[in-house]
Amino acid sequence: MENIETIIPMPRIGDKAPEFNAVTTQGNIQFPTDYLGKWIILFSHPADFTPVCTSEFMTFANMQAEFAAVNTQLVGLSIDGLYSHIAWLRTIKEKIEFNGMKDIEVTFPLIEDISMEIAKKYGMIQPGESTTKAVRAVFFIDPKGVIRAMIYYPLSLGRNFNEIKRVIVALQTADAYSVATPANWNPGDDVIVPTAGSCGVARDRMETKVEGVTCYDWFFCTKKLSIDQVNNPPKVK
Ligand code: BEZ
């Protein structure tokens with residue numbers, strides 16, 4: 001039997017997103033080419049017609065406008081066929097009411113990947129968890145097609161979609177303002193300015209007060225960044 005762990009390298013942060021062509025519930029796609037210029041969240045789920053996945057799809061579809069507002073395209077995948085995907089999404093729309101959500105239409109593409117070819121390219125098959133179902137992987141891909149963050153969850157654990165949105169906004173904010181974001185950062189909280197790169201800058205940071213900047217020590221300074229600045233970032237080249 002083929003040993004998936006030895007022959008498929010896992011994608012890494014900073015890698016170009018592996019390319020593929022796929023059949024989806026919204027027609028054929030070329031990935032990531034079709035979405036260059038946008039951020040992409042590529043996510044896998046274990047199987048259609050399962051409860052955790054249903055709750056996740058409803059939540060993601062319900063937040064789709066929020067992701068579109070931050071220039072982000074959602075793309076789903078599971079090891080199921082196109083007709084299963086279509087039937088499941090129709091059932092969700094017609095029958096399922098959950099957490100105050102109903103009549104939910106999933107209009108982002110859901111990839112069929114019966115061959116597991118795409119799932120394997122992205123390290124979504126993790127044999128210790130399942131050899132036939134994808135784990136709950138989330139890839140954050142930037143407008144140039146580069147993987148910027150990844151989160152993997154096991155089959156039993158539904159994702160936190162507020163965290164997924166927070167990661168996208170934090171990455172966009174870091175790019176737009178050349179800053180980093182501290183633990184539990186949310187838009188409106190202070191951001192981290194790049195660490196001092198010389199003794200002179202380190203001394204200045206400790207000796208000179210700058211409006212809106214707080215230095216806890218020479219290597220750890222934060223500054224204010226308003227929600228308005230986060231929501232209206234300058235264009236990144
Ligand atoms: C679910 O989505 O409910 C699920 C799928 C596969 C294994 C366990 C749970």
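**The ligand and its surroundings**

Mentor: An N or O atom in the side chain of Arg 136 is 3.0 Å from an oxygen atom of the ligand, which falls under the definition of a polar contact, a pair of N or O atoms within 3.5 Å. The protein covers 77% of the 260 Å² of accessible area that the ligand has on its own; such areas come from the Shrake-Rupley method with a 1.4 Å probe. This is a predicted model, where local features need pLDDT of at least 70 and side-chain atom pairs count only at pLDDT 80 or more, while totals for chains, interfaces and linings use all residues. Residues are numbered from 1 along each chain as its sequence is written, and side-chain values use heavy atoms, with hydrogens and water left out.

The backbone also takes part. A backbone N or O atom of Cys 53 lies 2.9 Å from an oxygen atom of the ligand, and for Pro 51 a backbone N or O atom lies 3.2 Å from a ligand oxygen atom.

Around the ligand are Pro 46, Thr 50, Pro 51, Val 52, Cys 53, Arg 136 and Leu 155, where a residue is near if one of its heavy atoms lies within 4 Å. Helix H2, residues 51-62, gives the most to this shell, with three residues. Helices are DSSP runs of H or I with at least four residues, strands are runs of E with at least two, and both are numbered from the N terminus.

As for the setting, the protein chain has eight helices and ten strands. Its C-alpha atoms fill a box of roughly 65 × 45 × 30 Å along the principal axes.

Definitions and conventions:
Polar contact = N/O pair within 3.5 Å; in protein donor to acceptor, adjacent residues only side chain to side chain.
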